[in-house]
Amino acid sequence: MIETGRLVLRHWETQDLPAFRAQSFDDEGMRYLIKLPDEAAFQEMLARLDLWRDTLGHSFWAVIRKADGAFLGLCGLKLGSPGTAIDGECEIGWRLGKEYWGQGYAREAAQAVLDWAWAQLPVPRISAITVLANTPSWGLMERLGMVRDHAADFDHPLVAEGSPLRPHITYRLNRPIVNHIG
């Protein structure tokens, strides 16, 4: 579990599922992401989250608002997908329900995940991907200190050819260098 001033990040629980399901099938909220076609795909996603937690020790965690226990969305880490420019790398990602956009929750959660990763994982860098049109997402990447790696932009193999969601851009953040003086 990760805590911030306003949030708790933890593995999803049964009570999170109605809000999580609604977010996963919301057309506006998913407009820049690979859409889930049906309930079976939603269940497969839940199984992947469990698998990542069980095999990697981290996952895309539920983002819960402390003030009222509301499920805001997901934020966390996974391995970059096969066939992408970040295949096997540590990837950070987030997705919040549209009613929670623009309130600083994604940045707060993502910064906490980065801090956790640097303390817990021996990775040299963390990557993130999105589509160029998703300016809120890549804008957050930049506010987190991530830098666009133009040479690593790619066509996502899970998106149909010709789709405006196929071309992806890549951002990276190298492990901070800590100087111990004294």
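Let's start with a charged pair: E108 and R6 form a salt bridge, with their closest N and O atoms 2.7 Å apart. (A salt bridge here is a side-chain nitrogen of Lys or Arg within 4 Å of a carboxyl oxygen of Asp or Glu.) This pair links distant parts of the chain, since E108 sits in helix α3 and R6 in the loop between β1 (2-3) and β2 (7-10), 102 residues apart. Those helices (H or I, at least four residues) and strands (E, at least two) are DSSP runs, numbered from the N terminus. R6 has a relative accessible area of 32%, so it counts as partly exposed; buried means under 20%, exposed over 50%, and partly exposed in between (1.4 Å probe, protein chains only).

Before going on, keep in mind that this is a predicted model, where local features need pLDDT of at least 70 and side-chain atom pairs count only at pLDDT 80 or more, while totals for chains, interfaces and linings use all residues. Residues are numbered from 1 along each chain as its sequence is written, and side-chain values use heavy atoms, with hydrogens and water left out.

The whole structure holds 15 salt bridges. Another one joins E89 to R125, with the closest N and O atoms 2.8 Å apart. Here too, distant parts of the chain are linked: E89 is in the loop between β4 and β5 (90-96), R125 is in strand β6 (residues 125-130), and 36 residues separate them. E89 is buried because its relative accessible area is 16%, whereas R125, at 30%, is partly exposed. These two also belong to a network of salt bridges that includes D149 and R172. Then there's R65, whose side chain meets that of D68 in a salt bridge (2.8 Å, N to O). With a relative accessible area of 17%, R65 is buried.

Now for the rings. Rings of Phe, Tyr and Trp (its six-membered ring) pair if their centres lie within 6.5 Å; planes under 30 degrees apart are called stacked, over 60 edge-to-face, and the rest tilted. That rule gives 5 aromatic pairs. Take F20 and F71: their ring centres are 5.5 Å apart and their planes are at 45°, so this pair is tilted. F20 is in helix α1 (residues 17-24) and F71 in strand β4 (residues 71-79), 51 residues apart. F20 is buried at 0% relative accessibility, and F71 is buried at 7%. Next, W61 and W116 have ring centres 5.2 Å apart and planes at 80°, so they are edge-to-face. And the Phe rings gather too: F20, F25, F42 and F71 form one aromatic cluster.
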